[in-house]
Amino acid sequence: MIELRGKVAVVTGAASGIGRGLAERFAAEGMRLVLADIQHDPLEAVAGALRATGAQVETQVTDVSDAAAVQALADRAWAAYGAVHVLCNNAGIVPGARFRPIWETSPQDWHWSLGVNLMGVVHGIQSFIPRMRAQGGWAHVVNTISVAGLVSGTNSPAYGAAKHAALRATEALYADLAAEGSPIGVTALCPGVVSTGIGNSERNRPATLVPAGGVQGDDPAAMEKYRGIKAAGLMPEDVADMVVQAIRDRQFYLVTTTAFDRGVQERMDAILTRRNPQFPDILTLSQEETHAR
Ligand SMILES: NC(=O)c1ccc[n+]([C@@H]2O[C@H](COP(=O)([O-])OP(=O)(O)OC[C@H]3O[C@@H](n4cnc5c(N)ncnc54)[C@H](O)[C@@H]3O)[C@@H](O)[C@H]2O)c1
């Protein structure tokens, strides 16, 4: 079994939700940490709580959509510890209204989502992988995608498209490392519904990416249904447990629930049989389905 004690983990989006859960779990394994987030105060709060348990934690405020900032994060990690063994490209946001049609999705929403959800992952790969390959030996990369990167149809198109693209980039990373027989493993973490701060992503929208007329709201009835589904979600610590197991097992696709399998199946069946798709809608999921494992 892979011994994580003493190894170095870098987590982006570590101030909240799944990233925080990963940081806590890695600290409990005895790993040394570099935690990054765009939000300073919540990041320092997480780091302070972990240091109080005896963990070694470095922090760096980082906007993952900025290539130079992610490069500086890698510099910081190697300067602090001389190695990086586990990299979690986890930071992500859901922009704007979720339940409006694509033609009402603003260019600013597209820009923000692709910048964080896709380019954040790409920047992590570019800044860390060459150095992880050069350092040699075992390492593992976890890219947080989403079931939104597997299914399709209506709802949050700028989020879904960025997550589909981030999964494609992660599959390329997996294939390129496998082709050279690399000891670096890769996991595409595809959570279903998890109770986190993602529904409040607007707290991190850059002022330069606010659409003219402001950010649109959602239909209250759709949001009510969505909150019901959210309430049945996994907790971040459950996801963190699954991630540690996936790292140990070198598992590539880590899909935390079977609730979205019918959406994946429908899309693939339609493509392979050349028929038109009938995409299921997330708002039709029952609470039991949301939980399904
Ligand atoms: N919660 C879910 O149901 C769910 C489902 C599938 C996938 N995900 C993915 O999980 C990941 C973590 O999200 P979460 O649900 O824990 O949400 P969260 O909002 O609780 O945490 C996201 C963290 O990322 C940080 N962040 C936002 N923009 C950033 C940027 N530009 N640079 C650096 N940090 C930034 C935020 O400050 C926050 O601390 C995301 O990639 C998200 O898309 C979440």
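# Exercises on a predicted model

Asn 155 sits in the loop between β5 (139–144) and α5 (157–179), where helices (H or I, at least four residues) and strands (E, at least two) are DSSP runs numbered from the N terminus. Residues are numbered from 1 along each chain as its sequence is written. The model is predicted: local features need pLDDT of at least 70, side-chain atom pairs count only at pLDDT 80 or more, and totals for chains, interfaces and linings use all residues.

**Exercise 1.** Determine the phi and the burial of Asn 155, then those of Ser 156.

*Solution.* Step 1: Asn 155 is not a glycine, yet its phi is positive, about 80°. Step 2: a residue is buried if 20 or more other C-beta atoms lie within 10 Å of its own, exposed if 12 or fewer, and partly exposed in between, with C-beta atoms placed from the backbone. Asn 155 has 22 C-beta neighbours inside 10 Å and so counts as buried. Step 3: Ser 156 is in the loop between β5 and α5. Its phi is also positive, near 40°, in a residue other than glycine. Ser 156 has 23 other C-beta atoms within 10 Å and is therefore buried.

**Exercise 2.** Which residues of α3 are buried, and on which side of α3 do they lie?

*Solution.* Step 1: α3 (residues 67–81) has 15 residues and reaches 21 Å from its first C-alpha to its last. This is close to the expected 21 Å, taken as 1.5 Å times one less than the number of residues. Step 2: Val 70, Leu 73, Ala 74 and Ala 77 are buried in α3. They lie on the same side of α3 because they cover an arc of only 95° around the axis, the arc being that of the directions from the helix axis to the C-beta atoms. Step 3: the face turned away from the buried side of α3 carries the exposed Ala 68 and Ala 79. Step 4: Gly 82, with a positive phi near 75°, follows α3.

**Exercise 3.** How is the shell around the ligand divided into nonpolar, polar and charged residues?

*Solution.* Step 1: the ligand is surrounded by 30 residues, a residue being near if its C-beta atom, placed from the backbone, lies within 6 Å. Step 2: the shell holds 11 nonpolar, 17 polar and two charged residues. Nonpolar are Ala, Val, Leu, Ile, Met, Phe, Trp, Tyr, Cys and Pro, charged are Asp, Glu, Lys and Arg, and the others, Gly among them, are polar. Step 3: the closest residues are Gly 13, Gly 17, Gly 92, Thr 196 and Gly 197.
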